[in-house]
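Please look through the structure shown here before reading the notes that follow.

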Amino acid sequence: MRIIIYPGSFNPITFGHMNIVERALGLFDKVVVAFGTATDKNPDVFLDERMELCRQALNQYGTRIEVEKFSGLLVDFVRAKNTKFILRGLRTLMDYEYEFQMLEMNRHLDPELEYVLLPTASKWSFVSSTRVREIAALGGDVSEFVHPVVAQFLAKHYRSPHTSN
Ligand code: PNS
């Protein structure tokens, strides 16, 4: 069984991420969406909610998807899943720089790794989780960029008076 790990913060999952998962399912038997919990982007906020939103959004693509979290090194998680494949989406040249730095670092940690870098579908190439959060926080409509369950969650989350991130 060919398994690929799709790591990220998914804060929140966007149509761009979903498109990457859908296309990866055409290349691999199983896609594991892996929420990193130790990055500098503070992804631990609402981690369980974000994972649940991800499950619901990806439900339409069937049962060959798993949504999990990992807290250590990505390379260790990949090995524990008995695979060597890591999936990332690329939107821009800036993404490319960032990805290559991570990719090289991870390949030094485990030279067996194979990266699959999929260019984001052009219709979603401008969509980022950061912008989606910003628009939602300022009361804008994000339904064009994220699954309805995510849009509803964000609308509710940012309406709540005691939330700021
Ligand atoms: O979507 P993001 O925020 O760019 O995802 C970043 C993520 C989670 C893929 C990255 O921070 C990661 O792999 N973290 C796990 C810790 C680790 O292995 N660090 C060394 C990577 S060079």
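In this predicted model, the buried residues of helix 2 pack against helix 1, strand 2, strand 3 (65-70) and helix 6.

**Helix 2 and its buried side**

- Helix 2 covers residues 47-58, and its twelve residues should span 16 Å at 1.5 Å a residue, which agrees with the 16 Å that separates its end C-alpha atoms.
- The residues of helix 2 that are buried are Leu47, Arg50, Met51, Leu53, Cys54, Ala57 and Leu58.
- As a general point, an α-helix has 3.6 residues a turn, so residues three or four places apart point the same way.

**Lys30 in strand 2**

- Lys30 has its place in strand 2, and it counts as buried because its relative accessibility is 16%, which is under the 20% cut-off.
- When its neighbours within four places in sequence are left aside, Lys30 is in contact with Met1, Arg2, Ile3, Ile4, Arg64 and Glu66.

**Aromatic pairs**

- How many aromatic pairs does a search of the whole structure find? The search finds eight of them.
- One of these pairs joins Phe10 and Phe35, whose ring centres are 5.2 Å apart and whose planes meet at 55°, so the pair is tilted.
- This pair links distant parts of the chain, since Phe10 is in the loop between strand 1 (3-8) and helix 1 (15-25) while Phe35 is in strand 2 (residues 30-36), 25 residues apart.
- Phe10 counts as buried at 3% relative accessibility, and Phe35 is buried as well, with a relative accessible area of 0%.
- In the pair of Phe126 and Phe145, the ring centres are 6.0 Å apart and the planes are at 85°, so this pair is edge-to-face.
- Phe126 lies in the loop between strand 5 (114-119) and helix 5 (129-137), and Phe145 lies in the loop between helix 5 and helix 6 (148-159), so the pair ties together parts that are 19 residues apart in sequence.
- Are Phe126 and Phe145 buried or exposed? Phe126 counts as exposed at 53% relative accessibility, whereas Phe145 counts as buried at 13%.
- Tyr6, Phe10 and Phe35 form one aromatic cluster.

Methods. Residues are numbered from 1 along each chain as its sequence is written. This is a predicted model: local features need pLDDT of at least 70, side-chain atom pairs count only at pLDDT 80 or more; totals for chains, interfaces and linings use all residues. Side-chain values use heavy atoms; hydrogens and water are left out. Rings of Phe, Tyr and Trp (its six-membered ring) pair if their centres lie within 6.5 Å; planes under 30 degrees apart count as stacked, over 60 as edge-to-face and the rest as tilted. Helices (H or I, at least four residues) and strands (E, at least two) are DSSP runs, numbered from the N terminus. Buried means under 20% relative accessible area, exposed over 50%, partly exposed in between (1.4 Å probe, protein chains only). Contact means heavy atoms within 4.5 Å. The expected span of a helix is 1.5 Å times one less than its number of residues.
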